[in-house]
Amino acid sequence: MIFIMRRSKSFLQKAIAVVLALLTWQAAALLLNQKVLLASPVDVALRFCTIWTESEFFNSVWFTFSRIVLGFFMALLTGIVLAFLAGRFKYVEIILWPYMATIKSIPVASFIIIALIWLTSSQLSIVIVFLIVLPVIYTNILNGIKNIDGKILETATIFRLSWKKRLLYIWLPQIKPFIFSASSISIGLAWKSGVAAEIIGIPSGSIGEELYYSKVYLNTTDLFTWTVIIIILSIGFEKIFSLLLKFIFKGIERL
Amino acid sequence: MKDIIIKNISKNFGEKTVFKNFNLIIPADAITCIMGPSGSGKTTLINIIMGFIQPDEGSIEGIPDKISAVFQEDRLFENYSALSNASVAARDGIKKEDVIKCLSDIGLKGNEKKAVKELSGGMKRRVAIARAILSDYDLLILDEPFGGLDEETKLSVIKYVEKSIRGKTTIFITHNKTEAELFNAKIVQL
């Protein structure tokens, strides 16, 4: 009961903060009174009600969503496998170190421009999301693996547990919080970098293209509306993915 | 199963000498109780036997491949149920019902499906004991296995463990002489 009350109190506080932010935005838009410079939340809300009825809306959303999600899952899978290998074999960690350090420090824009030379613009966001998310997943999960209690590993050795049991009973529970935190951080990064790649590559029929043309035609209301749509997609995907992870881990722990 | 023969082992941790030319025979198919004050090297000795620590000198003969243990800490898989933990290393032929019966016999009836993290310290201890007893072993190591159990529970658990391990090579570490006597064990004082 106390937990529910605390949660609803926290939800209420957040809701008040959002309303205050919207009021500030509306006040600033009214003061400025130039839609080209700053569209108001009311304008965005009104545009939001009509934008989804346009014929290309769902195609654009699906184009961007599918590529960002694909890039994210490729990075998640690769990051987990590489982290396990690096956790198991020190030399793998050493061999991977320069790649991960380089990927982490190269600006996203440089990646996008280099990738554009090699790839078509429609593949661009998959590769960029993959490259941005991979080191986050890899580093977090490797940290989780390195933090495994040596005594639990000794126990597994004494009881001669198979690799499958070690994976289920030791490795997965240990990396669980690290997967949650890494995916929470990297989903936001995936959307930021994926859309940035689309704005530079301008693949036909993407959200990035819509944002680009909104800028070209000084259609600030559309620019803001698409941005709100990206935020909704990013948060929505993060919540669904988090629920999916919880469901998977509950299933594993019930075994 | 042969006797385990510890020959002239020495072990130092920095300046501190834990063993110097230490010799011991652990008879096969019997319970050997190792007693001694804190810091006397009891846990170091079993870590050497389990292969987690190498002695500086000396050798040990007759260590079997199949070892089971109750460690000083529970070392359980906290997110998993008592049943999962107890059966994780169960020997071939042990069925789910056998694990449930074992848990019930040591006073955990009704708690089989609870995650270990939800159990009390004494209950966790008993899950660790069940796991060790149900596993496939030729040598059982019990490192202060009854810590955290109240007197009444302790007596019933000791009774159950003694019956289960009778005739099997066991190294039992304790501070408590009464526990050693209840096991009718050969006592080695460190």
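Is A:K90 buried or exposed? At 52% relative accessibility, A:K90 counts as exposed. The cut-off for that word is over 50%. This is a predicted model, and the tour below starts from that residue.

**Stop 1: A:K90 and its partner**

Select A:K90 and A:E93 and show their side chains. The two side chains meet in a salt bridge, 3.1 Å from N to O. Both residues belong to helix α4 of chain A, which covers residues 90-105. They stand 3 residues apart, about one turn of the helix. A:E93 has a relative accessibility of 15% and therefore counts as buried, since buried means under 20%. The salt bridge thus joins A:E93 and A:K90, the former buried and the latter exposed.

**Stop 2: chain A as a whole**

Zoom out and show chain A as a cartoon. Chain A has 10 helices and 0 strands. Following the sequence, the pattern reads α-α-α-α-α-α-α-α-α-α. Along the principal axes, the C-alpha atoms of this chain fill a box of roughly 70 × 55 × 30 Å. Of the 255 residues in chain A, 41% are buried. Now consider contacts in chain A between residues with a separation of 6 or more: 74% of them come from residues 24 or more positions apart.

**Stop 3: a buried serine**

Select A:S183, which lies in helix α8 of chain A. How buried is A:S183, in terms of relative accessible area? The value is 3%, so A:S183 is buried. Next, show what surrounds this serine. Leaving aside neighbours within four places in sequence, A:S183 is in contact with A:F72, A:I137, A:F241 and A:L245.

**Stop 4: where the chains meet**

Show both chains and colour them separately. How many residues does each chain give to the contact? Chain A gives 17 residues and chain B gives 22 residues. The two chains bury about 1,800 Å² between them, and 62% of that is on carbon and sulfur atoms. On the chain A side, select A:I158, A:F159 and A:Y169. These residues lose the most area to chain B, together 37% of what that side buries.

Between chain A and chain B there are 7 residue pairs in polar contact, with both residues at pLDDT 80 or more. Colour the helices of chain A next. Sorted by class, the side of chain A that touches chain B has 10 nonpolar, 2 polar and 5 charged residues.

**Stop 5: charges across the contact**

Chain A and chain B have 2 salt bridges between them. To see one of these, select A:E154 and B:R75. Their side chains meet in a salt bridge at 3.2 Å, N to O. A:K151, A:E154, B:E73 and B:R75 are linked in a network of salt bridges. Over all chains, the count comes to 17 salt bridges.

**Stop 6: two pairs in chain B**

Select B:K101 and B:D105. They form a salt bridge, with the closest N and O atoms 2.9 Å apart. Both lie in helix α3 of chain B (residues 96-105), 4 residues apart, about one turn of the helix. B:K101 is exposed, with a relative accessible area of 53%, while B:D105 counts as partly exposed at 32% relative accessibility.

Move on to B:E151 and B:K154. Here the closest N and O atoms of the salt bridge are 3.5 Å apart. The two residues are separated by about one helical turn because they are 3 residues apart in helix α5 (residues 151-165) of chain B. B:E151 is exposed, with a relative accessible area of 55%, whereas B:K154 is buried, with a relative accessible area of 11%.

**Stop 7: the nonpolar cores**

Which residues touch the most other members of the largest nonpolar core? They are B:L45 and B:I141, in a core of 89 residues. The element that gives the most to this core is α8(A), with 14 residues. Select B:I141 and show its contacts. Not counting residues up to four places away in sequence, B:I141 touches B:I46, B:I49, B:M50, B:I67, B:S68, B:A69, B:V70 and B:I171.

Note on methods
Residues numbered from 1 in each chain as written. Chains lettered and ligands numbered in written order. Heavy atoms only, no water. Contact = heavy atoms within 4.5 Å. Buried area = accessible area lost by both parts, 1.4 Å probe. Salt bridge = Lys/Arg side-chain N within 4 Å of Asp/Glu carboxyl O. Polar contact = N/O pair within 3.5 Å; in protein donor to acceptor, adjacent residues only side chain to side chain. Nonpolar A, V, L, I, M, F, W, Y, C, P; charged D, E, K, R; others polar. Core = buried A, V, L, I, M, F, W, Y, C linked by side-chain atoms within 4.5 Å. Buried < 20%, exposed > 50% of the residue type's maximum accessible area, 1.4 Å probe, protein only.
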